[in-house]
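The points follow the structure display and can be read beside it.

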Amino acid sequence: MAQQYLGPAMGVVSFSTWSELVEAAAGGLLEESVWCELKEMATPAGTAKKDANLEMARDLASLSVDGGLLIYGVRDRDFEVVGCDTAGLADRIAQVSATRIHPPLSPTIQPALVHPDDDARAVLVVQVPPSPSAPHMVDGSYWGRSSNGKRKLDDAEVRRLLLQRDRGEDAFLSRLTGMEARDPLVDYIEGHPTGNGHIYLVAEPCVPVVRSEEPQGSAALRQGIRPSGWPGTVPDCTYRAFEAS
């Protein structure tokens with residue numbers, strides 16, 4: 001199921017069936033915007049595949065700034081869900097993402113939603129999360145989006161995004177290196193800092209997380225990220241070392 005934030009007016013939407021997509025289109029949720037790009041087909045009639053791949057790369061790169069959906073099989077002029085030939089399209093998207101975009105992207109390609117009356121037609125939903133490496137370059141230009149779709153970013157916008165990226169990386173590194181100074185166990189490590197090994201790990205989501213409606217406490221989260229069969233003394237000691245009182 002593709003869950004995606006499509007702006008303050010639409011919020012988080014999900015598409016898991018053809019009928020859900022049709023209902024979303026009828027309800028005005030599939031208009032092209034900062035967060036959504038619609039394509040009737042991957043290679044329009046009369047368009048060379050090379051040119052279509054370049055257009056695909058620009059679409060993907062533009063969505064990587066704020067995240068969004070690239071949807072094949074929906075007409076952008078009237079937002080009708082029509083479906084298209086999706087044979088080999090997922091592999092093509094993955095290849096274009098890896099070779100035509102710099103730095104490369106890794107979008108999430110959802111299972112095709114097959115037309116209920118025509119197996120030859122389907123809709124392919126491609127989820128592009130906000131990239132920590134944005135902006136991304138295609139054919140010598142950086143791409144972003146406006147309310148009307150994709151566009152080239154100007155120099156000022158590129159500098160702002162690159163500075164934002166550098167600041168985020170520096171802040172993460174600062175949090176990681178600061179763990180040692182706050183570690184209450186460091187004095188118990190034999191021969192520190194050159195003796196027994198001691199590893200510090202920080203894990204942070206690179207993109208916004210769609211939260212469950214049911215709140216989860218720290219105990220539930222811990223149960224989900226480590227096997228319950230571990231010896232209690234090691235994880236308990238480690239978790240309590242950094243847990244707020």
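Predicted model: local features only at pLDDT ≥ 70, side-chain atom pairs only at ≥ 80, totals over all residues.

1. The side chain of K39 meets that of E55 in a salt bridge, at 3.2 Å from N to O. This pair links distant parts of the chain, since K39 sits in strand β3 (residues 36-39) and E55 in helix α2, 16 residues apart. E55 is partly exposed, at 28% relative accessible area.

2. A salt bridge also joins K150 and D59, with 2.8 Å from N to O. K150 belongs to strand β10 and D59 to helix α2, so the pair ties together parts 91 residues apart in sequence. D59 is buried at 0% relative accessible area, while K150, at 22%, is partly exposed.

3. Both pairs belong to a network of salt bridges linking E37, K39, E55, D59, R145 and K150. The whole structure holds 12 salt bridges.

4. Strand β10 (residues 149-152) runs antiparallel to strand β9 (residues 141-146), and four bridges join them. The two strands form a hairpin with two residues between them. W143 has K152 in β10 as its bridge partner.

5. Helix α2 (residues 49-63) also contains N53, which is buried at 14% relative accessibility. Beyond its neighbours within four places in sequence, N53 is in contact with R92, V96 and R100.

6. R75 and D78 form a salt bridge, their closest N and O atoms being 3.0 Å apart. R75 is buried at 16% relative accessible area; D78 is partly exposed at 37%.

Technical notes. Residues numbered from 1 in each chain as written. Heavy atoms only, no water. Buried < 20%, exposed > 50% of the residue type's maximum accessible area, 1.4 Å probe, protein only. Contact = heavy atoms within 4.5 Å. Pairing = 2+ DSSP bridges. Salt bridge = Lys/Arg side-chain N within 4 Å of Asp/Glu carboxyl O.
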